[in-house]
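Q: Hi, could you walk me through this structure? I'd like to go through it piece by piece.

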Amino acid sequence: MTSDQTIQVQINGRDKEIPDGLSVSALLGHLQLHPGMVVVEHNGAILRREALAGASVRPGDTLELVHFVGGG
Amino acid sequence: MTEMMAGPRTGDEPLVIAGRALRSRLLVGTGKYRTNDEMVQAVEASGAEVVTVAVRRVDLDRTREEGVLFHLDPERYLLLPNTAGCYTAEDAVRYARLARAAGFTEWVKLEVIGDPETLLPDAEATLRAARELAADGFQVLAYTNDDLITALRLEDAGCAAVMPLASPIGSGLGLINPFNIRTIKSRLTVPVIVDAGVGTASDAALTMEQGVDGILMNTAIAEARDAVGMARAMGLATEAGRLAYLAGRMPRRERAVPSSPARGMLS
């Protein structure tokens with residue numbers, strides 16, 4: 001499904017070039033992140049885990065990928 | 001496990017927050033540890049069942065730096081996400097919703113800071129966020145000042161627990177205003193958990209002796225020379241302070257009273 005073309009998106013505040021045609025869950029795989037350990041905010045909307053595979057990443061999208069770290 | 005189901009081993013009632021019975025009255029954080037291994041061992045040694053975690057961006061440059069879920073089993077501990085680092089109600093609500101989307105819990109430790117130097121809470125923003133989150137189905141455990149009026153309003157806002165500070169976050173200054181804490185405890189129906197400021201085991205015992213329902217701490221354990229040893233000390237001190245509160249202390253007297261009989265002395 002993935003083409004050779006790339007698109008520009010913003011991930012965690014940084015510009016990133018990623019393959020075109022990825023779903024959000026495929027993007028997590030591309031970034032070598034475990035989908036069960038990450039929560040995704042896609043263009044300001046929080047994605048439920050079930051929605052990751054159906055959400056497509058398009059040029060110019062903004063993604064926030066967060067997880068739990070040590071804290072008080 | 002049987003012990004957990006049967007309730008506390010000490011004759012105390014379990015601490016019940018949002019319908020969940022907890023054997024330990026100590027809640028601990030997972031920040032500032034030197035290693036993940038030390039953190040895991042300290043959490044275990046503390047006896048805590050509720051363990052706080054923070055929500056942060058994944059570090060894309062070092063994805064091998066694992067999140068806390070790789071080390072703490074959410075089946076074994078009730079992971080309590082916090083909104084630490086948030087300075088507005090809107091940010092805190094956003095962090096809380098991100099945390100809930102992870103799918104482990106509806107609980108959130110709400111923390112809205114009002115000042116970077118003291119890290120004291122913003123009461124107004126905390127209240128606004130608490131109302132919004134409670135209306136959205138969250139079980140809100142709200143970090144707040146040791147102020148009765150704010151505490152009452154947080155309870156009224158639907159918080160599952162109210163968590164006044166002993167002293168500022170990370171200060172280790174101990175329980176600065178026992179009177180305020182007792183006042184809050186005497187007036188609230190929801191559990192009162194003292195959060196932040198405890199420095200060592202005697203602080204934990206003194207705090208529990210005020211009659212509060214529990215303590216949440218992080219730095220006092222993580223920054224101890226032997227974090228695992230301090231975690232155990234804090235667990236014992238929390239329980240000791242609780243038992244002393246339940247047992248009732250003797251009156252203070254400004255004169256000595258002998259413990260041995262005055263009668264029967266040799267002439």
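A: Happy to, and here is a short chat about the two chains and their contact.

Q: Great. What kind of model is it, and how is everything numbered?
A: It is a predicted model, in which local features need pLDDT of at least 70 and side-chain atom pairs count only at pLDDT 80 or more, while totals for chains, interfaces and linings use all residues. Residues are numbered from 1 along each chain as its sequence is written, and chains are lettered from A and ligands numbered from 1 in the order in which they are written.

Q: And what are the ipTM and pTM?
A: The model scores ipTM 0.91 and pTM 0.90.

Q: What about the mean pLDDT of chain B?
A: That mean is 94, and 95% of the residues of chain B reach 70 or more. pLDDT is the predictor's confidence in each residue, from 0 to 100.

Q: Where in chain B does pLDDT stay under 50?
A: Over residues 1-8 of chain B, for which the model has five contacts beyond four places in sequence. A contact here means that the C-beta atoms of two residues, placed from the backbone, lie within 7 Å. Where pLDDT is low, the predicted coordinates should not be read in detail.

Q: OK, chain A next. Which elements does it have, and in what order?
A: Chain A has one helix and five strands, running β-β-α-β-β-β from the N terminus on. Helices (H or I, at least four residues) and strands (E, at least two) are DSSP runs, numbered from the N terminus.

Q: Which strands does strand 5 of chain A pair with?
A: Within chain A, strand 5 (residues 62-70) pairs in the parallel sense with strand 1 (residues 6-11) over two bridges, and Ile11(A) stands opposite Leu63(A) there. Strand 5 also pairs with strand 3 (residues 39-42) of chain A, in the antiparallel sense over four bridges; Glu41(A) has Glu64(A) as its bridge partner. Then five bridges join strand 5 of chain A to strand 4 (residues 50-57) of chain B, running antiparallel, with Val66(A) opposite Arg57(B). Two strands pair if DSSP finds at least two bridges between them.

Q: How many residues does each chain put into the contact?
A: The contact takes 21 residues from chain A and 28 residues from chain B. Strand 5 of chain A gives the largest share of the chain A side, seven residues.

Q: What about helix 2 of chain B, which of its residues are buried?
A: In helix 2 (residues 36-46) of chain B they are Met39(B), Ala42(B), Val43(B) and Ser46(B). Seen down the helix axis, these buried residues fall within an arc of 100°, so they line one face of helix 2 of chain B. The arc is that of the directions from the helix axis to the C-beta atoms.

Q: What do they pack against?
A: The buried residues of helix 2 of chain B pack against strand 5 of chain A together with strand 3 (26-28), strand 4, helix 8 (219-222) and helix 9 (227-247) of chain B.

Definitions and conventions: Buried ≥ 20, exposed ≤ 12 C-beta atoms within 10 Å, placed from the backbone.
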